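Hi,

Here is the structure I promised to pass on to you.

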Amino acid sequence: MTELTNLTVAQIRDGHRAGDFSAVEVAEAFSANVADAKALNAFIVETPEHALSAAKAADADRAAGTLKPLSGVPIGMKDLFCTHGVQTTAASHMLEGFVPRYESTVSQKLWDAGAGMLGKLNLDQFAMGSSNETSYFGNVISPWKRKDGGNAALAPGGSSGGSSTAIAARLCPAATGTDTGGSIRQPAAFTGISGIKPTYGRCSRWGIVAFASSLDQAGPMARDVRDCAIMLENMAGFDPKDATSLDMAVPNWEAALSSDLKGKTVGIPKEYRLEGIDPDIDAMWDAGIAMLKDAGATVVEISLPHTKYALPAYYIIAPAEASSNLARYDGVRYGLRDLPEGAGLQDMYASTRADGFGAEVKRRIMIGTYVLSAGFYDAYYTQAQKVRTLIARDFEQAFTSCEVILAPTAPSAAFGLGEKMADPLAMYLNDVFAVPASLAGLPAMSVPAALNREGLPLGLQIIGKAFDEQGVLDAGLAIEERAGFTARAEKWW
Amino acid sequence: MSDYRIKGETGEWEVVIGLEVHAQITTNAKLFSGAATAFGAEPNTQVSLVDAAMPGMLPVPNRECIRQAVRTGMAIEAQINTWSRFDRKNYFYADLPQGYQISQLYHPLVGEGSITVEADEKAGIPEPKVIGVERIHVEQDAGKLMHDQHPTMSYVDLNRSGVALMEIVSKPDMRSPAEAGAYVRKLRAILRYVGSCDGNMEEGSMRADVNVSVRKPGDEFGTRTETKNVNSVRFVMAVIEGEAKRQVELIESGGTVVQETRLYDPDRGETRSMRSKEDAHDYRYFPDPDLLPLELDDAFLAECRESLPELPDAKRDRYLALGISPYNADVLTAEVEAARWFDTLLDAGAKPVAAANWVTSELFGALNRMGRDLTDSPVSPQQAAELLGLVADGTISGTIAKTVFEKMLESGDGAGAIVERDGLKQTSDTGAIEAEIAKILTANADKVEQYKGGKEALFGFFVGQTMKAMQGKANPQVVNELLKKALG
């Protein structure tokens, strides 16, 4: 029998249903891998008991003939989702020890579908970062190593770096992620897995620690496209508790999966061809174009003329919202409180927030506060919102001549831990291809497409029309079938 | 035009007043959460996860709050903005869990409207005056800090956190404390008619920020100060009076008024500076990204409009058209309960003019004596209609009606039953009345002489004597006629 931890979500579900193995065996196998992978630091909290109890319920359900869509599947939960009775920190000192008495809508849906939780996954603090180096609980280490004879620790991407690492290292078959400006897609690309950010509003934000409300969107990360479809079906859905939630039925994405792209047109945005980019990235992109043609699609060049303004606009809007969203962490009601002897309210705020937030979080709060302040608001925030509208219009225009857009997910393969921490701008540049779809609220996914010359995975991004996750998944599947990406990180931990 | 002026050493000063009234919307649930809103509940018992701003919690607009604000806008004939948006007003304070208040700065729900205050000669309002309303927007209330619970710490009560408020912003159209007082009273009446706010200023359901500036008549507006959270009509007027005087004295002594926020101290009857413009917060307003723009459709607007009751101005006009005096019409329409009670009385068949006189004098007099108000009146409109009907059809006189009303108040019995039981029916029996008249004229021959000599005022004396002899039951008109005949 294949090692259980090498199975995909679909294989676990089907194998469990067929009686090839018990859910308890699966849960125990993954929990053992989790326990054995401390060196990766993917988890902030491990919850084998949660996974086990869900597994027992799954086995009972199988006996009773009442199986649910994710019965027997243990998953990882990004520690940005509030989980009832389980510490939820957003990887911050501020929320260290915070145990919610409520369950986020997305995690509740997953438990209702029969999934179990292996633990809470590490991430960039408050989801702010592209390398998982801003976590208060330490860096997540990618399982991948460069094939250069060196032993440099690589970034797993961010902010969903715990999720990407855990899946790539077979610590869980799938995990939740959240994507504000690439936080699902970029770590997926860095670790050779798949991940999809659905249309803004598909997944409820209720119970997810907020970073930038108008951009935050939950989505699944998994080993392949089918697993992403299965997971997303069980995460998405209208939620009256989220005013921005989409009041639309959730399609049966898995059942409708098709890699036959005959009659479809794929757009290639010329503005994404960056001067001086890693030739491996361009080569992968060209290969991807060939694969989609092979799947029957017509390929056309398109223009997204405002692309170069996307990153600056994003780094105004996201910090602006964050500066306000994070105001609630004030030491008054929950989380960290630092009250120096004899201190007043203002001192308590200052001290608590100085101590509770990491450097990157503070940087973004400062940027956000600045761009919203009197005298600067119009020059920054209003201008950025205009850019955002223009970017959405770019996509609308482009989608009159194509159904999906193909581009690289990130401008490079995984970089080494510490390589970019000294230069925030270089770090922010990592999001250059991911951010436009976020600003436009469009569904976008990353699928592994190739290894670069250092043996590190590279991802291709597919961006779809609003609500057309199916088109994105289908094109992703067409690439997955042709790329034949089977590489995996060799175990060194 | 108001001629209210502050007399300074350099001449007369005009006062310019604008009011921002915060009115708590009457609903069972808060603006963005399902938590309850009852007044006076134990601290922190009406707080949801959203109100406490727990991580990951999101606001969802309460439809009823929006509906009430729209109805209020319609009641002052304001422009209703079918597209509006919520903004965040960012500042740190312990009573503000989110670290921002959700309000509407850029695109309020309700645009320009107006409120008319009635003429009131005595108060220096010679003719009705239209006060412009700039806007009405919807926002969250904050919680409450309690400083008296612990020697070194402050406690926080979040029961009010997230409660829905309407902020009703007037134009700087008022020119005297009396106009401002009349505006607040009229606004309160409208809110209570509409049912969007209970107008209870003692419980804090309605409070005003008072903007005051002074200028020489005809000059440009002066620099204004804003006195926050004034919670009675009397205090609003006192703030304006005091603040206008303070500003005049300041300017005339060579100082300048600074734009600042002030607080009113009711015990000392004066305002004091809270913070100046220089220390003002930068609230960093921006559109709340947790909420979509609010779009109102035609069906919603139609329902809002159809559900509006007859409003004070329309009701007053209707009463005037029925012949009711302007004074009575004002009194009867000032409070929604009185108007409702009176309308029920009319529906039960009472004649408008007589009914208005009776309610404003007899009924209100009796309620005053008993320390009650209309909502717990011992006499129902139907019972009152019966009493007034007996007067109207001549069964009893107005004088007897007073006696009957007293008996109704004592016993709770109906007017008809009391009249029947106590034999209070008015008589038009000319024989009986003539007999009594004859006796009275004989007994008062001297007065008859004087009357005939030209002292016609004595007629009233003979009427009184006759009514007394008839124990008040004689029909006054018949008495008049017979007396005139007898006195030749």
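In helix 1 of chain B, the buried residues are B:Cys65, B:Ile66, B:Arg67, B:Gln68, B:Ala69, B:Val70, B:Arg71, B:Thr72, B:Gly73, B:Met74 and B:Ala75. Please keep in mind that this is a predicted model. With eleven of its 13 residues buried, helix 1 of chain B is largely enclosed by the rest of the structure. The cover over those buried residues includes strand 7 (129–140), strand 10 (164–170), helix 2 (177–194), strand 16 (294–295) and helix 4 (298–306) of chain B.

After the helix comes B:Glu77, which has a positive phi, near 50°.

You will find B:Phe86 in the loop between strand 3 (83–84) and strand 4 (87–90) of chain B, and its relative accessibility of 2% makes it buried.

Now to chain A, where helix 9 (residues 279–294) is worth a look. Its 16 residues reach 22 Å from first C-alpha to last, close to the 22 Å expected at 1.5 Å a residue. A:Asp278 caps the N-terminal end, placing a side-chain oxygen 2.9 Å from the backbone nitrogen of A:Asp280, and just after the helix A:Gly296 has a positive phi of about 110°. Buried in helix 9 of chain A are A:Asp280, A:Ile281, A:Met284, A:Trp285, A:Gly288, A:Ile289, A:Met291 and A:Leu292. Among the elements covering them are strand 7 (265–269), strand 8 (298–302), strand 9 (404–408) and helix 16 of chain A.

How do helix 9 and helix 16 (residues 469–483) of chain A pack, and at what angle? Their axes are 9 Å apart and meet at about 105°, which makes the two helices roughly perpendicular. On the helix 9 side, A:Met291, A:Leu292 and A:Asp294 take part; on the helix 16 side, A:Ala475, A:Ala478, A:Ile479, A:Arg482 and A:Ala483 do.

Elsewhere in chain A, A:Ser438 sits in helix 15 (residues 435–440) and is buried, at 1% relative accessibility. Its side chain makes a polar contact of 2.9 Å with the side chain of A:Arg185. Other residues that A:Ser438 touches include A:Asp179, A:Thr180, A:Lys197, A:Leu215 and A:Arg388.

Finally, the cysteines. There are zero disulfides over all chains. A:Cys203 is in none, and the nearest cysteine sulfur, that of A:Cys228, is 12 Å away. A:Cys203 is buried, at 1% relative accessibility. In chain B, the sulfur of B:Cys304 is 12 Å from the closest cysteine sulfur, in B:Cys65, which is too far for a bond. B:Cys304 is buried too, at 0% relative accessibility.

Best wishes

Technical notes. Residues are numbered from 1 along each chain as its sequence is written. Chains are lettered from A and ligands numbered from 1 in the order in which they are written. This is a predicted model: local features need pLDDT of at least 70, side-chain atom pairs count only at pLDDT 80 or more; totals for chains, interfaces and linings use all residues. Side-chain values use heavy atoms; hydrogens and water are left out. A disulfide is a pair of cysteine sulfur atoms within 2.5 Å. Buried means under 20% relative accessible area, exposed over 50%, partly exposed in between (1.4 Å probe, protein chains only). Helices (H or I, at least four residues) and strands (E, at least two) are DSSP runs, numbered from the N terminus. Contact means heavy atoms within 4.5 Å. Axes are lines fitted to C-alpha atoms, for helices over the stretch in contact, and angles run from 0 to 180 degrees between N-to-C directions. Angles under 35 degrees count as roughly parallel, over 145 as roughly antiparallel, 65 to 115 as roughly perpendicular and the rest as oblique. A polar contact is a pair of N or O atoms within 3.5 Å; within protein, one must be able to donate a hydrogen and the other to accept it, and residues adjacent in sequence count only if both atoms are side-chain atoms. The expected span of a helix is 1.5 Å times one less than its number of residues. Lists of a residue's contacts leave out its neighbours within four places in sequence.
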